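Subject: Handover of a structure, with notes

Hello,

I am passing this structure on to you.

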Amino acid sequence: MPLPTDDPRYDEWLALGCQLGERAAFDALIARWHGPLRGYARRLCGDDDGADEIVQDTWLRVLRGIAGLREPARLRPWLFGIARRAGMDRLRGRYAEPAAEAALDPDTLALEAAEPDRALDLLRLQRHIDRLPPPEREALSLHYLQGLSLEEIAQVIERPQGTVKSRLFRARALLRRQFDREGEPR
Amino acid sequence: MNRPPPSPADAVPAALRDLLERELTPGARWAHVALLLLAAGASVALASLWMTEPALPARTQAAFAVLLAINLGWCGYAQWALRYRRVLYARHRLLAARLALAFCAVYSLGAFALAAFAGVAAGWPAGALGLVMSAAAMAMHVRADRYYAGLQRRREALERALD
């Protein structure tokens, strides 16, 4: 019997299906994680085209690498780790830093929000987050938008947990400063 | 067999559906498995012939060496492709190991039959080599079977924990 999608072990169950070679498991994996990975990729590179390239490259690496995933229970940090490496490779190839201010996607945000006011607030918050330096933006996005734990983020960015904590601390402080200066989303 | 619930067709973007089709289509995967088996079989046959033919002229020895190198090159390429490009998942690994075991067993039996019933002396060392290959294929099969069973057990344990 399949596990319900909200079960905390559902990702592990899906990863096992992929490692066994079941096509339906791959479809379900992509349907579940494509959106969050694309959002993360977009925050890494700052534009839609770049995000599409990164996420395509990420899935290619996932399809070719999931058979070697030793701990299926750690699927989530593994996926974001791959997306991060794909993003870094792309940025390295482009010899450019991520854009300081990304083009925003109001449609997506509006869809996510139940009311127009809430969509505007999300848009403002998104703009504030996009102005953070890349390391702080990444930590904040993984923690608050993708829901990864400190340990999982440490695994994704291949740094100690202490570094993650200090990046999150700095990110919050920088956000607070921006809110004080320009007004806080409600 | 348990399968994840079908996902809505529009949940997977078209570009990714193409990628999935390309990467998970079994044709290319099995073509590489066949290439590996053929190249390995040809390499063993060539090496057996080379080792068991006495006093070959230098030119023929060079030809054997080149042919063997070409076949080993194909073996290496197929292995690389199956490891990094057309990855074998657990059930594919199990099936590939079964195929390898069957082909090695047929090769060994054939070589020993030639030696015993047709009086071909080269059949003995060729058969012995086939036995070594069969043992390697058996080891691969045991590993693949253990890996497959381990994944299945873990998945069943997750499902049982739900009850």
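Predicted model: local features only at pLDDT ≥ 70, side-chain atom pairs only at ≥ 80, totals over all residues.

Residues are numbered from 1 along each chain as its sequence is written, while chains are lettered from A and ligands numbered from 1 in the order in which they are written.

Helices here are DSSP runs (H or I, at least four residues), numbered from the N terminus. Axes are lines fitted to C-alpha atoms over the stretch in contact, and angles run from 0 to 180 degrees between N-to-C directions.

H1(A) and H2(A) pack with their axes 7 Å apart, at an angle of about 135°. That makes H1(A) oblique to H2(A); angles under 35 degrees count as roughly parallel, over 145 as roughly antiparallel, 65 to 115 as roughly perpendicular and the rest as oblique. The crossing of H1(A) and H2(A) is left-handed (the near helix is turned anticlockwise from the far one by less than a right angle; clockwise would be right-handed). On the H1(A) side, A:Leu14, A:Gly17 and A:Cys18 meet A:Ala25, A:Phe26, A:Ala28 and A:Leu29 in H2(A); contact is defined as C-beta atoms, placed from the backbone, within 7 Å. The residues of this contact divide into 6 nonpolar, 1 polar and no charged. For these classes, Ala, Val, Leu, Ile, Met, Phe, Trp, Tyr, Cys and Pro count as nonpolar, Asp, Glu, Lys and Arg as charged, and the others, Gly among them, as polar.

The axes of H2(A) (residues 23-45) and H7(A) (residues 134-145) come within 10 Å and cross at roughly 160°. H2(A) and H7(A) are therefore roughly antiparallel to each other, and their crossing is right-handed. Here A:Gly39, A:Tyr40, A:Arg43 and A:Leu44 in H2(A) meet A:Arg137, A:Glu138, A:Ser141 and A:Leu145 in H7(A). That contact divides into 3 nonpolar, 2 polar and 3 charged residues.

Chain A against chain B

Between the chains, 28 residues of chain A are in contact with 28 residues of chain B. H1 (10-20), H2 and H3 (48-65) of chain A each give two or more residues to the chain A side, and the largest share, 9 residues, comes from H2(A). By class, the chain A side has 17 nonpolar, 5 polar and 6 charged residues.

One residue to look at is B:Leu16, in helix H1 (residues 14-24) of chain B. Leaving aside its neighbours within four places in sequence, B:Leu16 is in contact with A:Ile30, A:His34 and A:Trp59. B:Leu16 counts as buried, with 20 C-beta neighbours inside 10 Å (20 or more other C-beta atoms within 10 Å is buried, 12 or fewer exposed, in between partly exposed; C-beta atoms are placed from the backbone).

Domains of chain B

Chain B is divided into domain 1 (26-87) and domain 2 (90-163), with bounds from an automatic or database domain assignment. Their centres, taken over C-alpha atoms, are separated by 19 Å. The contact takes 8 residues from domain 1 and 11 residues from domain 2.

A backbone detail

A:Glu158 is found in the loop between H8 (150-157) and H9 (161-182) of chain A. Its phi is near 55°, a positive value in a residue other than glycine. Most residues other than glycine have a negative phi. A:Glu158 is exposed, with 10 other C-beta atoms within 10 Å.

Regards

Conventions:
Contact = placed C-beta atoms within 7 Å.
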